[in-house]
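Have the sequence and the 3D view ready.

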Amino acid sequence: MASPQMTGAEIVVQALVDQGVDVIFGYPGGAVLPIYDALFKTDKIRHILVRHEQAAAHAAEGYARSTGKPGVFLVTSGPGATNAVTGLADALLDSIPIICLSGQVASHLIGSDAFQEADTVGITRPCTKHNWLVKRPEDLSRIMHEAFYVAKNGRPGPVVVDLPKDIQFAEAPYRGPENIAHKTYVPKLKGDLKAITQVAEMIGKAERPILYTGGGVINSGPAASQLLRELARSTGFPVTSTLMGLGAFPASDKQWLGMLGMHGTVEANYAMHDCDLMICVGARFDDRVTGRIDKFSPGSTKVHIDIDPSSINKTVHVDVPIVGDVAHVLEDLLRVWKAKGRQANKQALARWWQQIDEWRHVKCLEYKPYQDRIRPQQAIQHLYKAVKDKDIYISTEVGQHQMWAAQHFHFEDPNRWMTSGGLGTMGYGFPAAIGAQVAHPKALCIDIAGDASILMNMQEMSTAVQHDLPVKVFILNNGYMGMVRQWQELLHGGRYSHSYTEALPDFVKLAEAYGGKGLRATHPDELDDKIAEMIETPGPVLFDCVVVTEENCYPMIPSGAAHNEMLFGTEKEAHEVSEEGKILV
Amino acid sequence: MSIMKEEIQERHCLAALVDNEAGVLARVIGLFSGRGYNIESLTVAEVDHEGHTSRITIVTTGTPMIIEQIKAQLGRLVPVHKVVDLTVEHDSIEREMALVKVVGTGEKRVESLRLSEAFRARVIDTTHSSFIFELTGAPSKIDAFVNLMRPLGLVEVSRTGVVAIGRGASDM
């Protein structure tokens, strides 16, 4: 059958349809008008009009993280594309598959400093997995399908397809997504069986093992989470996770140690420090996890399962690297382990669990509620209790509230938790929750926010109202950039340089100005009722939860310290941070 | 990390086969600058005109851990077909070409010509007061020649950077 002739804009839309895309996020402009015209003529793709291109990118991320499918967004040339850069960088560091379609000035104008011209492929090259400038209309359908392939396969990530306006008008044959075997990019899915067998043997001998899991388990798909649970069950090993991996293993499980890292639990960090076998599954030894690297888990044999060969030995030397997809590797590992008679060192494991239980007794996340003021941990706990049995998707902004959410909100399933881990992007959570809500219209999508972060993409309230997206924004309002203030307290002698927002808006009135609903809680006694009211409200809500201003996020591994040198925020602790530590972020 | 600081810097010559598409060199160079890796020399040219593939030869220095990182990072770039470490995976030959302009008269001019013969350099342009020598060899040989020319009126050097290939019958 001859390939049908279409305009470039029609090819873009047809390729999206053929890739199974039914919703995109975007903002129109001069250089993408032909594509918007093609969108006008189709009813197969829903378009969510955002109020800023950064939000389009984060909404696409929220869509992707909550569905496991790639998120797509469309922006115009120049400022449209540069506004999207933060979202692309965010998706790159957190390995989220998103496809950015950007308009570009007409081919003959490229390089002439034309109106709204920017070197989009140049600017986005270091913050995408790959990008393309389409130079010939006949390349367009291949590039569109290749973009999806690259974004989804291997370690997922963001891609950009830059589309000059003349290409959008030009006619070319359309080719479907069939048979697009990639000639160079073919990631390895199966792990090396010899190494896997070696790990199965190590599992049998380990006395103080730990499974250190990350976002790779979630990216690998629901099967990977199931296999992780099976591995944990059949070995009896304790499980911890990075911020990105929360939900891959159920928080209610007795083998769950909580999150590890800078604001992780005592039991998770001490177990990481003292273990003799560390099996890293889809995590990348990020500096937020390792703390001081030359004191990181000094006595352990380290196994690292990762689909990206460049993650292996990047910061921490590992003894057994296994390059492959988490689900594929865990499946093989379980098979070999079972074939070997699944002998774990039960006696040693019992002693290890006894030690872990002692650490658990520290109750590092415990706090005493105040009579008259809301503590942020308490607010999260009340929120958690109210919504935990519902169909929920939780996103966060970045800062103290994000860590409290990670500590006090508990996840049973993957893809329910969306947070900016690698880039630490304030302003991520609200648009991400919008993206999740678009994908799951009936679900309860909540952005746990801070008063500073939420203002970075506050304009998206308008998007939520326009598209009937009943996203709830739960703002832990302490008037400060809380994490900045906390670091100034610990590292800079309490000189709170510009971390106090003197002129916060009235969030209740702000919500109303946008056509949403505003709620405020200032006293612990009114928390539950107000949270219930928020849940029952059919539209978008800004919940201004006024919390104590001076609260710090603990426990904490200060910069330049090891896993076993945690701070708990007690009065008698000296906040000694080394000179080396001070220069770390 | 103290162990890392003390680790020795190694010099490696890497060859990467890449699709000769727009921006591929920028991707490679951006990777090196963005991640703080060293480039001692970089050469690139299309080696298969039908398949539109280019070969990039990069000489870099770093600790063994960094060298492994560089190879892994290069390997995951989408248009990269293959990365080979010619320093460890092969017994390999490195060559570089240089064009060296020497200006002078009298005794110095004679001496530069005499030395060029010892290095098997060719004179490819001459005036009454200048020579341009063409010289091929290992980078160290070119360094040596350039140093010898310095007191004899060296005014300009243009070097290609290293190209390299593994010895023997097998391909990369």
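Start in chain B, where H2(B) passes H3(B) in a crossing that is right-handed. Keep in mind that what you're looking at is a predicted model. The two helices, H2(B) and H3(B), pack at an angle of about 145°, and their axes are 11 Å apart. On the H2(B) side, the residues that make the contact are Val28(B), Leu31(B) and Phe32(B), while H3(B) brings in Ile70(B), Gln73(B) and Leu74(B). Sort the residues where H2(B) meets H3(B) by class and you get five nonpolar, one polar and no charged.

How do they sit around the helix?

Just after H2(B) comes Gly36(B), which takes a positive phi of about 75°.

Now hop over to chain A and find Glu146(A), which lies in helix H6, residues 140-152. Is Glu146(A) buried or exposed? Its relative accessible area is 13%, and buried means under 20%, so Glu146(A) counts as buried. Leaving aside residues up to four places away in sequence, Glu146(A) touches Trp132(A) and His182(A), plus Val78(B) from chain B.

For a contrast, look at Glu178(A), which is found in the loop between strand S8 (171-173) and helix H8 (193-205) of chain A. Glu178(A) has a relative accessibility of 56%, so it counts as exposed. If you'd like a sense of distance, take Glu178(A) and Ala91(A): they are 87 residues apart in sequence, and their C-alpha atoms are 27 Å apart in space.

Next up are two helix pairs in chain A. In one of them, helix H11 (residues 266-274) packs with helix H14 (residues 346-360) at an angle of about 140°, with the axes 8 Å apart. H11(A) and H14(A) are therefore oblique to each other, and their crossing is right-handed. From H11(A) come Val266(A), Glu267(A), Tyr270(A), Ala271(A) and Asp274(A), which meet Trp352(A), Ile356(A), Trp359(A) and Arg360(A) in H14(A). That contact of H11(A) with H14(A) divides into six nonpolar, no polar and three charged residues.

The other pair is helix H15 (residues 376-387) and helix H22 (residues 527-536) of chain A, which pack at an angle of about 50° with axes 10 Å apart. That angle makes H15(A) oblique to H22(A), and H15(A) passes H22(A) in a right-handed crossing. Among the residues of H15(A) in this contact are His382(A) and Leu383(A), and those of H22(A) include Ile531(A) and Met534(A). By class, the contact of H15(A) with H22(A) has eight nonpolar, two polar and one charged residues.

Terms used: Residues are numbered from 1 along each chain as its sequence is written. Chains are lettered from A and ligands numbered from 1 in the order in which they are written. This is a predicted model: local features need pLDDT of at least 70, side-chain atom pairs count only at pLDDT 80 or more; totals for chains, interfaces and linings use all residues. Side-chain values use heavy atoms; hydrogens and water are left out. Axes are lines fitted to C-alpha atoms, for helices over the stretch in contact, and angles run from 0 to 180 degrees between N-to-C directions. Helices (H or I, at least four residues) and strands (E, at least two) are DSSP runs, numbered from the N terminus. Angles under 35 degrees count as roughly parallel, over 145 as roughly antiparallel, 65 to 115 as roughly perpendicular and the rest as oblique. A crossing is left-handed if the near helix is turned anticlockwise from the far one by less than a right angle, and right-handed if clockwise. Contact means heavy atoms within 4.5 Å. Ala, Val, Leu, Ile, Met, Phe, Trp, Tyr, Cys and Pro count as nonpolar, Asp, Glu, Lys and Arg as charged, and the others, Gly among them, as polar. Buried means under 20% relative accessible area, exposed over 50%, partly exposed in between (1.4 Å probe, protein chains only).
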